[in-house]
Structure formats: C-alpha cells, structure tokens
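Morning, everyone. Please have the sequence and the model open while I talk.

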Amino acid sequence: MTSIGELRLHMEPKTLVDENRHQNQPRRVRRIVLSINGDSHSIEVDARSTLAEVLRENLRMTGTKLGCNRSECGTCTLIMDGRTVFSCTILAVEAEGKCIETIEGLASGSDLNPLQKAFIKNDALQCGYCIPAMLMAATALLRVKMEPTEDDVRQGIAGVYCRCGAYPNIVRAVLDVSRGQVDC
Amino acid sequence: MLYEIPQIEHVNARSTEEAIYWLSRYGDKAKVIAGGTDLLSLIKDKINGPQMPIPEVLINIKTIPEMDRIDYSPGKGLSIGATTTLYDIESSNEVREKFGMLADAAHEVATNQIRNMGTIGGNLVQRPWCWYFRVPQFNCYKKGGPQCYAISGSHKYYFSMLGLGVCVMAHPSDTAPALMALGAEIVVAGESGQRRVPIDGFFLGPQEVFETVLKPNEIITEVFIPEQPPNTRGSFLKSRLRGTWDFALSSVAARLQITNGSYDDAKIILGGVAPFPFRVPLAEDALRGKRVDEEVISLAAAVAVKRAHPLAQNGYKVPLTQNLVKRALMSASGLEAEV
Ligand code: SF4
Ligand code: FES
Ligand code: FES
C-alpha cells in the first residue's frame, strides 16, 4: 500500500516549481492534440468545450450526436481508450493523449463495416439519431465479447436511449454480426 | 456552439499537493474534477447556493498518477485511489474475490459509460439527485433556501423513508453502503495534511448543506478497506425501476461473520432510503449470537425497517426494503430464499 505521505503546503508544491511551471497554470484556452480514429489533430480549444463540442464544431465531425448534453441519454457515446464514454461530459482538454474512436472511423471510405451492414440488413434504424452511439457501444462490446448472448448485447447497449424504440432490431443486428451472418 | 458550461479555467494537477495548492489559492471558486458526470451537469444547470458558487476553476485530478490504482496487501487490506473508475473496481479480480459486495455495488451504478468515467471518490461525494435540487428554479433548503420542495411535492422514488430531518433526499451512492458494511476508511487530504475518516463518520445528516464532512478545500485521495476475517460473507442488493441507469429505490449491504452455524457479527446498511447510508444496529443485534436460520433472518429484516416513517407517496419502500434485507441476509448466509 502506498500512501501520499506528509503534505507540505506552506510552500508551492514541487511540481509547480519546475521549468514547466508557467505551462501548468489554470487556463481558459489551450492548444491540445487529439488522437481521433488514428489521426492527430492539433487545435486550440476553450477549456469549457466538451469533447462532443470540439468534434462537432471545431473538427466538423458531426457523426457523434448530442441529446441531453448531461450524461442522461447516451447519444454522444464514443470510445476512449477502449471504453465507451459520454463525449458531452468530457472536457476536450482532458481527452488529450487518449485514443478516441468515433463513428467516422468505422467505415473505410464508402465501404461500411459488417456491423453497420448488419444494422441496415436488420432494419435497425428508425430516425437514426441514436445509431452512432449504438454502433460505438456495440463495437466496444464485440471487442471484449466476440460471442455475446442476447443479454450481453442488451447490457452492452443499455447506456444508449433509443427514442424510437428500435431496440429489438438493434439487438438482432449485433447478434447477427457476432454470428457472422452478414455478407461483407 | 452549445457551450452550456460558462467560461472556466482548467489545470491538470500532477500531484495531490498541487491540487490542494490550487484549491486553497482559488477557494470557493475552484472545484476538483474527476469523472465529471455529476459536476459538469451541476455546472451546466447552474446549480448554486451561498456555499456552492458555480465553479470558475476546474482542477483535474485524473492526472495525478497515484490516485488511480487498486492495491491489495494480504493481511492488511485494499487501498483504492480516489480516481479509480467504478468499472476498474467491478472488474478487479482482487476486489471481486476478497470484497465481492463492493464489486457488486460498483457494478450496480448507473450504466456502462458512467462506470467507465465515474470514480469511487466521486460516487461518495456526489450531490443529491433530488429533482428539485437539480433545477435552478427551486431554491431549496440544500441550496440555502427556506424549505424542502420534495416533502409537499413529488417524492415517490428517490427520497427518504426515514423522516430524519429537513431534507428528504435519499443518498444516491451504491458503493457507500457496501463500503460502510466493510468498515472502510476515507483518506482525505487538505491544507493541514492528511486525515483518515472512518466511513461511519463521513456522511452528515439532512440538516447540513453538504452530505459529507469533506471541506471545500479538501479532497479524497484514497478509500481503504481493512482485510476481512476469513469467516466473513457479504451481499449487496439493489432494487430499482429500470434495469440500467437508475438510482436505488432501496439497497442493502449486509456483511456477516458466521462460525459453526451462528452469527458472530453482522453489519447491515441501507441505501436509497435515507439522506445518508443508514446503518441498522438493532437488526444487527437481532442476528448476533443467533443460529443461522430463516426465522431469525425474517425477524432481523422486520427490525431493520421498524423506524421507518415514510412520506405520503413512498410507503411501498418499507416492505420493499424489508424484503430486500431478508434476501440479502439469506444470500449472505448461504440459504435459499423461498420466492
Ligand atoms: S429533498 Fe433535499 S435536495 Fe430535495 S428539495 Fe428537499 S431539501 Fe432540496
Ligand atoms: S448527449 Fe451525452 S449523454 Fe446525452
Ligand atoms: S432510431 Fe430513433 S432514436 Fe434510435
């Protein structure tokens, strides 16, 4: 067990008194590098911008959708360092150095990937608004569970609301692709 | 642009000392941010009060390396860094094997994405999820206003059934009852150094503006759980409306020590039914020294809700909690509950 040890606060902490000192001040605007679908993007962002805002507004990657904008609906789901997260509730400045994967990374050119094809084949979309999030949640699931049960799939996509209630066909699409029942 | 968050300054802290330095320097204006799932929603909805101004400086503590870790030392216990995510806790083999009810409780929190982002420290200090608290138009008691709107308003689900004071919120944490049953200590750092707070003394009553003893310029650095005696068995159960996302209508963490078919010791904590994780010592007494037996358990479950004083719309929580206590005790005792 490690413990943080005695805190010395009568002076500025050591980490502030090094040569980076001036870089590590609270800031309103910061230049960051984001790694998105394998590409690096160097951009200047407001500290208050969420990852979803930077993707959609600064980088014009509008595949990631926004619903509630406060961790309640899942529409903004993407994958960060292998795990699904809500991009509306992550500050872009805190996503620096992370491996970010969005819906734009699934297809190669106009070639949809098998999961996307399975969604079309199973008629898993109604209005389609939740679908980028559903696809990212399913992608994350299929990486850790290659042969998921129906219950696994339901749990895997549970954090994304589908207002249209397209769940049954979404679940079928994910199961289909895991069973290799999609022609690619 | 949406920009629901007002202009803020942001800094990545690289050590606990640095985080506390910034906190002390900016005082009220600053807040630490870890998972952000609670804090950023509060900021976007501009929830504030005299003692809780909308933060202008956010200090990221996810960049402090020693805060994100799970260390188990046999014989001593489990030390979890404050920014360890709930997902890391539920999927740690050591937590699952040695402190199973904590893994179960962490798994019951909200939904995948929240568990991937949310941290154990944040789960303990999350603010009320009372729907009056969460909209700026209701200046309720917790925000420095004169009254609680939930008592005369709608309080069917996420509210207390124990009639303990002004604010009738139900404490939303799932991990807190489990940690309390396991006798955890919360390690807190502040300007004057570090202190270890036994979790029994960490949460405050409904008369207070804040839910915990954490001062505005203090942060949780670690949660420590002592090694449990070998005859310990535990169970955490949560009852909720939806299979995902939802807060507890009621939850129970039970930790039992059983030798030769009788209870040496018991700890029973209720979640979701009081403004803080609620220990029921009388129900524990009803087990201590008794033989492991369904009748003994039923009696303890009845005692557990004896003090209940439900609000107009949440009387159903009393039998719900009683049954949940019974099921948790049956499962921790290795007995099959009849359905
Ligand atoms: S229950 Fe508590 S948080 Fe909710 S309105 Fe009443 S005082 Fe405010
Ligand atoms: S838009 Fe992010 S969870 Fe709703
Ligand atoms: S298809 Fe319309 S929200 Fe899911």
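One definition to begin. A residue is buried under 20% relative accessible area, exposed over 50%, and partly exposed in between, using a 1.4 Å probe and protein chains only. Next, the ground rules. This is a predicted model, so local features need pLDDT of at least 70 and side-chain atom pairs count only at pLDDT 80 or more, while totals for chains, interfaces and linings use all residues. Residues are numbered from 1 along each chain as its sequence is written, chains are lettered from A and ligands numbered from 1 in the order in which they are written, and side-chain values use heavy atoms, with hydrogens and water left out.

Let's start with chain A. Helices here are DSSP runs of H or I with at least four residues, strands are runs of E with at least two, and both are numbered from the N terminus. Chain A has five helices and five strands. Along the sequence, the order is β-β-α-β-β-β-α-α-α-α. Of its 184 residues, 52% are buried.

Now the contacts between chains. Find A:Asn24, in the segment before β1 (29-36). Is A:Asn24 buried or exposed? A:Asn24 is buried, because its relative accessible area is 8%. Its partners sit in chain B. A polar contact is a pair of N or O atoms within 3.5 Å; within protein, one must be able to donate a hydrogen and the other to accept it, and residues adjacent in sequence count only if both atoms are side-chain atoms. The A:Asn24 side chain makes such a contact with the side chain of B:Glu18, at 2.5 Å. The A:Asn24 side chain also reaches the backbone oxygen of B:Asn12, at 3.1 Å.

Stay with B:Glu18. Its relative accessible area is 0%, so B:Glu18 is buried. B:Glu18 also forms a salt bridge with B:Arg14, 3.5 Å from N to O. That term means a side-chain nitrogen of Lys or Arg within 4 Å of a carboxyl oxygen of Asp or Glu. B:Arg14 is partly exposed, because its relative accessibility is 28%.

How many salt bridges are there over all chains? The count is 27. One of them pairs A:Glu94 with B:Lys62, with the closest N and O atoms 2.5 Å apart. A:Glu94 lies in the loop between β4 (83-86) and β5 (99-101) of chain A, and B:Lys62 in the loop between β3 (57-60) and β4 (70-73) of chain B, so this pair joins two chains. A:Glu94 is buried at 9%. B:Lys62 is partly exposed at 34%.

Another bridge links B:Asp71 and B:Arg69, at 2.9 Å from N to O. B:Asp71 is partly exposed at 23%, and B:Arg69 is buried at 12%. Elsewhere, salt bridges with shared partners join B:Asp200, B:Asp265, B:Arg279, B:Glu284, B:Asp285 and B:Arg288 into one network.

Two backbone details next. A:Arg60 is not a glycine, yet its phi is positive, about 55 degrees. A:Ser71 also has a positive phi, near 60 degrees. A:Arg60 is in the loop between α1 (51-58) and β3 (77-80) of chain A, and A:Ser71 is in the loop between α1 and β3. What about cover? A:Arg60 is exposed at 62%, whereas A:Ser71 is buried at 7%.

Last stop, ligand 1. Which residues come nearest? Of the 13 around ligand 1, they are B:Cys130, B:Cys140, B:Cys148, B:Cys167 and B:Met169. Being around it means having a heavy atom within 4 Å. Thanks, everyone.
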